[in-house]
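Me: I would like to go through this structure and ask what lies behind the terms used for it. Please keep the answers plain.

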Amino acid sequence: VLNRRREGIASQLLDCVFGEAARRGRKEVSASASVREHRDGHAFLLKRGFEVRSRFSTAEGDLAGIYQRQRERASRVAELTGDEWEVVPLTSGMLLEAGQLTTEYLSEFELSRNGSYFVPAHLAGMGLSQALVVRGKVEGITLVTQQENTIVFKGRVVRPGLRHTRGSAALFLKTLQKCAETGAKRLRFCYLDSARDTVAFVHHMGIEVLDTVDRLVGTIATS
C-alpha cells in the first residue's frame, strides 16, 4: 500500500519467500516485472540483489511503412528464387518439423510428449506464418497471428547454417508481404533479447518499444 512503503514490509515478505525457498532446497527465486508498469517493484528487486536474466519486449509500428522500408533494404531478395529452396505458407502438415526446429531456440512453447516443442495449430494455415523449405525440409519458420487490425510477429527461427543468407532474408520479406496484404495497419513484434536479429531490426527501423518485461532472479545464500 502506497502510504505504508519504506517501512520494511516488502523486505520482510521477500525474506519469507527466500526462507521458504531455502527450506524447499531451491537455489533461486525468480520474478517477472514490467519495466514501465511495475517500475517501483522492478527497482526494489534490483536493490535486493536480483539480476536480470532475460528480457521480453513488445514493439509496434506502421505495417505498410515497415514493409516498404524492408523492401528497399532487400530489393534484390524480393525477386530471387532458389534452385533448392522456396518460401511457402506454413501448413498444419509442417507443424511437427516446425516444433522440432523450434525446440533448439525458443523455450516459450509447450513441451510435447516426444520431447520437442509444440507449435500451436492456429499459427499455421492462415497464410501469414511462412516456412523456408530446403530440399524438402523445413529449415526456417516465421510465426505470425492477427489480432483485429494488428499483425503480431511472434517469432522467427532459422537453422544456424542458413542465417544471413538470401533464403533467410526472403523468408522474412515474404512474411512481411503477406502481412501487408491483409490490410492490417499495425505490426507488433514480441521477442526475447536473445532474438538478436529481431532486436537489431527493431532498433534499425526505429520501431517504438511499448514495454519490456524482465525475468529477474535472486540467488539464495548458502550457509
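**Terms and their grounds**

Me: What makes strand 8 and strand 9 a pair, and in which sense do they run?
Reply: In this predicted model, strand 8 and strand 9 are joined in the parallel sense over 4 bridges. A pair needs at least two bridges, so the 4 bridges between strand 8 and strand 9 qualify. One of the links joins Thr150 to Arg186, its bridge partner in strand 9.

Me: How do you know that strand 7 and strand 8 pair?
Reply: Strand 7 (residues 137–147) and strand 8 (residues 150–158) share 8 bridges, in the antiparallel sense. The cut-off is at least two bridges, so strand 7 and strand 8 count as a pair. Thr142 has Arg156 in strand 8 as its bridge partner.

Me: What joins strand 2 to strand 9?
Reply: Strand 2 (residues 51–62) pairs with strand 9 (residues 186–192) over 7 bridges, in the antiparallel sense. For Glu60, the bridge partner in strand 9 is Arg188.

Me: How do you describe the packing of helix 3 and helix 6?
Reply: Two packed helices are described by the angle and the distance between their axes. For helix 3 (residues 63–73) and helix 6 (residues 166–180), the axes come within 10 Å and cross at roughly 145°. The crossing is left-handed.

Me: How do you know that helix 3 and helix 6 meet?
Reply: Contact means heavy atoms within 4.5 Å, so residues of helix 3 such as Leu63 and Tyr67 count as meeting a set in helix 6 that includes Phe172 and Leu176. By class, this contact has 7 nonpolar, 2 polar and 1 charged residues.

Me: What makes up the lining of the largest pocket?
Reply: The largest pocket holds about 570 Å³ of space. Of its 16 lining residues, the closest to the centre are Arg5, Arg6, Ala10, Asp40 and Phe44. The lining has 6 nonpolar, 3 polar and 7 charged residues. Helix 2 gives the most, with 5 residues.

Methods:
Residues numbered from 1 in each chain as written. Predicted model: local features only at pLDDT ≥ 70, side-chain atom pairs only at ≥ 80, totals over all residues. Heavy atoms only, no water. 1 Å grid on protein atoms, 1.4 Å probe; cavity = no way out; pocket = protein on both sides within 12 Å on 5 of 7 lines; lining within 4 Å. Points joined across faces, edges and corners; volume = space filled by probe spheres on them. Nonpolar A, V, L, I, M, F, W, Y, C, P; charged D, E, K, R; others polar. Axes fitted to C-alpha atoms, helices over the stretch in contact; angles between N-to-C directions. Left-handed = near helix turned anticlockwise from the far one by under 90°.
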